[in-house]
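Me: I have a model open and want to go through it piece by piece. Can you take my questions as they come?

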Amino acid sequence: MGTLAIFKKELRAIFASPVAYVVMAVFLALSGYFFWGFLARFTFYSIQASMNPAIGGGLNIMEFVLGPLFHNMSIIMLLMMPLFTMRLLAEERKTGTMELLLTYPVRDGAILLGKFLAVVVLFLCMLALTAIYPILLMAWSSPEPLPILAGYLGLVLVGTAFLSLGLFTSALTENQIVAASLAFGALLFIWVIGWSADLAGGTVGKVLGHLSFLNHFEAFARGVVDTKDLIYYFNVTALFLFLTLKAVEARRWRA
Amino acid sequence: MIEVEGLTKFYGPKAAIEEVSFQVAKGEVVGFLGPNGAGKTTTMRILACFMPPTSGTARLAGFDIGKQSLEVRRRIGYLPESVPLYGDMTVRQYLTFAAEAKGVPRPERSGRVAGVMERCLIADVQERLIRNLSKGYQQRVGLAQALVGNPEVLILDEPTLGLDPKQIIEIRSLIREMRGERTVILSTHILPEVSMVCQRVIIINDGRLVAVDTPENLNLRLQKSSRILLEVEGPAEEVQRTLAGVQGVLAVAPQEPRNGRWRFLVETEREKDLRKDLARAVANSGWGLTELRPVDLTLEDIFIRLVTREEEA
């Protein structure tokens, strides 16, 4: 009941603000550019391959177009998601509406869930608009649908993980820019933590490698669903939602 | 309806309120009076379950604010001092949201919202964005929001702050109408407001409870002394000494001189009427007595006295 009320209010606020549309437009423009780029390269290679039997067949749309596209989309998401989440709690803290909201007969967890679901819906809308790329490909070619779906599942999972981290940083401050900066920094750090895994080697390397957003997304981009990656993203999302709840509760004490 | 016991809240090493205890009966309108920074907002925030106390307990409608916070929150309507509202929603959208969040069932929702809008005189602006409304309207939207859950207890923090005199009168009469119907606890630092709106006053200063009583009783209780104002033509220091020497006089306080005449506020024991003795003392010394009248203690004086007495102790 409470969650639904918050969810509806938040959804209205999200789509009433220009931020949602600007971020979506930028995301679609960039991913559209990458799609065109990868497709042009693929076409070029295909023509070359058809003229030179030595290269052989085996050129695969998933591998040359959609895989790299999904990978790049996840990086654009990393840059854009903090802009979606930054206002969720920081704005309410700043305007003081949080004081009123926290005295309504709604559990803190239900408030957060409502807000989180609203921003996830925004993200899913944005992602749904990119379905035009695989649909275009299907019109001219016949890519396998299951790997594409796997790629989208990966994007949904990595996106919700980003959003939960963004929600958490939004709970830490009343300044939206600070919330977005923290989220961006943390996301980038968790993304590249895999790089130091190669340097560290051994057990530490394995642990670091497992922590990285990047490593767990690779399989999805290739169209492969691995339960260990699923569990990883579920865990990350749950962890940051839990930390957000604790941050809000702690704020009550210090209010 | 409200039972507060030993409420204490520390911000770091500093206590915002200390050992605050009081009770409010069902249907009572109680004023929480104190200077800025006395701990009014802290107390109200704790009662509204926005933040927990460091120690102490409070029960609203029989439910503990710590252990049964949701039950308490179902029964209160709270209006914070800053009147935080969602500026990008219309009045009706906002109140509908508040009603839904407060668990008003769907079939009753629109009727309830229409009811509070009518009651708070905001039906004419229901389709306008809240951020475009005047402060007076926003305050009433805030009050409507507090009422929409049909709460047993209303907690209003400085509900007339920043309003113009006409709006203040409207809000006050709205609150007065709730007498008997809901339990209201409101804070203010404006003294006349309390005697106009409230049946009982809780005076708080520096985080401590100073007095709890009806405005009338406070008047009586503190008028252990009565006060007389004199205006005298004569040498100031000698006049003061002479007045202080009169039997039954407790204190003499010089006031601002007017038209070259000295003015003194003389405090006397309550039961004695010393006006004749004072007049005689002035006349016997050969000075001119141009004014002599008894002064009533206003609630403002009471407030100042209570608060300063507490500081002396």
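**Chain A, then chain B**

Reply: From the N terminus on, the elements of chain A run α-α-α-α-α-α-α-α-α-α-α-α. Helices (H or I, at least four residues) and strands (E, at least two) are DSSP runs, numbered from the N terminus. This is a predicted model, where local features need pLDDT of at least 70, side-chain atom pairs count only at pLDDT 80 or more, and totals for chains, interfaces and linings use all residues. Residues are numbered from 1 along each chain as its sequence is written, while chains are lettered from A and ligands numbered from 1 in the order in which they are written.

Me: How many helices and strands in chain A?

Reply: Chain A has 12 helices and zero strands.

Me: What pLDDT does chain A average?

Reply: The average is 90, and 97% of the residues score at least 70. pLDDT is the predictor's confidence in each residue, from 0 to 100.

Me: What share of chain A counts as buried?

Reply: 40% of its 255 residues. A residue is buried if 20 or more other C-beta atoms lie within 10 Å of its own, exposed if 12 or fewer, and partly exposed in between, with C-beta atoms placed from the backbone.

Me: Now the interface. How many residues of chain A are in contact with chain B?

Reply: 21 residues of chain A are in contact with 20 residues of chain B; contact puts the C-beta atoms, placed from the backbone, within 7 Å.

Me: Which element of chain A gives the most?

Reply: α1(A), with six residues. The side of chain A that touches chain B divides into 12 nonpolar, five polar and four charged residues. Ala, Val, Leu, Ile, Met, Phe, Trp, Tyr, Cys and Pro count as nonpolar, Asp, Glu, Lys and Arg as charged, and the others, Gly among them, as polar.

Me: Switching to chain B. What is the strand order in the open sheet?

Reply: β6-β7-β8-β3-β9-β10, six strands with mixed pairing. Strands pair if DSSP finds at least two bridges between them. The edge strands of chain B are β6 (76–79) and β10 (208–213), each pairing on one side only.

Me: And β7 with β8, parallel or antiparallel?

Reply: Parallel, over five bridges, between residues 153–157 and residues 183–188 of chain B. B:Leu154 stands opposite B:Val184 in β8(B).

Me: Last one: is α1 of chain B covered or open, and what follows?

Reply: Helix α1(B), residues 40–47, is mostly covered, with eight of its eight residues buried. B:Cys49 follows, and its phi is positive, near 65°.

Note on methods. Two residues are in contact if their C-beta atoms, placed from the backbone, lie within 7 Å.
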